[in-house]
Amino acid sequence: MALFDQLKNRAQDLGEQLKTKKDQYRSREFADASMAVCALVAAADGAIDPAERQRTASLIVSNDTLAVFPPDELRAKFDGYCDKLNRDFDFGKVDAVAAIGKLRDKPDQARAVISIGLVIGHADGSFDAAERKVVSDACHAVGIAPSEFDL
């Protein structure tokens, strides 16, 4: 249980860091990558249920970093990635990881996207192995060691 508490605290700390840097992330690539990682985490177990969509919707409206984007635009991006993942997870994952990988040369934005993935992964109180795997894959896409996020 101590490990879970540490991961939860780390996710909360990362969320706080995101709030202080929100103006740095006003780009289409950041919006795309953020919604791609949310969709990947939501689909990690093989199905995207309404509760997972609701968690992402809550993040969109409550996260200061994402508040710089119109919520409808973010929802459309998230839905687009979810649709691709539902049709064919492997090809959808390639598309989502490619969107995340566009931040490879923007390490601050890349870390913020990984942090968003962690926040979504921890939202239900359980960060399972499949969710950890897709967030780890996102780390590799942007050239960040997963160990930096205790993955």
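Glu 148 has a relative accessibility of 31% in this predicted model, and therefore counts as partly exposed. Its salt-bridge partner is Arg 111, with the closest N and O atoms 2.5 Å apart. Arg 111 belongs to helix H6 and Glu 148 to the segment after helix H7 (129–142), so this pair ties together parts of the chain that are 37 residues apart in sequence.

**A salt-bridge network around Glu 29**

Side chains of opposite charge can pair when their charged atoms come close. In this protein the count of salt bridges comes to nine, and those that share partners join Arg 28, Glu 29, Asp 32, Lys 77 and Lys 106 into one network. Glu 29 takes part in a salt bridge with Arg 28, where the closest N and O atoms are 3.7 Å apart, and also in one with Lys 106, where the N to O distance is 4.0 Å. The pairing with Lys 106 spans the sequence: Lys 106 lies in the loop between H5 and helix H6 (107–122), whereas Glu 29 lies in helix H2 (residues 28–43), so the two side chains tie together parts that are 77 residues apart.

| Arg 28 | Glu 29 | 3.7 Å |

How exposed or buried are the members of the network? Arg 28 counts as exposed because its relative accessibility is 51%, while Glu 29, at 23%, counts as partly exposed. Lys 106 is likewise partly exposed, with a relative accessibility of 32%. Asp 32, by contrast, counts as buried because its relative accessibility is 14%, a value that falls under the 20% limit for burial. Asp 32 is placed in helix H2, and, when its neighbours within four places in sequence are left aside, Asp 32 is in contact with Lys 77 and Tyr 81.

**The contact of H4 with H5**

Tyr 81 also takes part in a contact between two helices, where Tyr 81, Lys 84, Leu 85 and Arg 87 of H4 meet Phe 89, Gly 92, Lys 93, Asp 95, Ala 96 and Ala 99 of H5. By class, this contact has five nonpolar, one polar and four charged residues. The axes of helix H4 (residues 71–87) and helix H5 (residues 89–101) come within 5 Å and cross at roughly 145 degrees, and the crossing in which H4 passes H5 is left-handed.

**The protein as a whole**

The secondary structure consists of seven helices and zero strands, so that, by the DSSP runs used to assign helices and strands, the elements run α-α-α-α-α-α-α from the N terminus on. Among contacts with a separation of 6 or more, 78% are accounted for by residues 24 or more positions apart. Buried residues make up 45% of the 151 residues in the protein. The protein exposes about 7400 Å², of which carbon and sulfur atoms supply 50%.

Conventions
Residues numbered from 1 in each chain as written. Predicted model: local features only at pLDDT ≥ 70, side-chain atom pairs only at ≥ 80, totals over all residues. Heavy atoms only, no water. Axes fitted to C-alpha atoms, helices over the stretch in contact; angles between N-to-C directions. Helix = DSSP H or I, 4+ residues; strand = E, 2+ residues; numbered from the N terminus. Left-handed = near helix turned anticlockwise from the far one by under 90°. Contact = heavy atoms within 4.5 Å. Nonpolar A, V, L, I, M, F, W, Y, C, P; charged D, E, K, R; others polar. Buried < 20%, exposed > 50% of the residue type's maximum accessible area, 1.4 Å probe, protein only. Areas by Shrake-Rupley, 256 points an atom, 1.4 Å probe, with all protein chains shown as cover. Salt bridge = Lys/Arg side-chain N within 4 Å of Asp/Glu carboxyl O.
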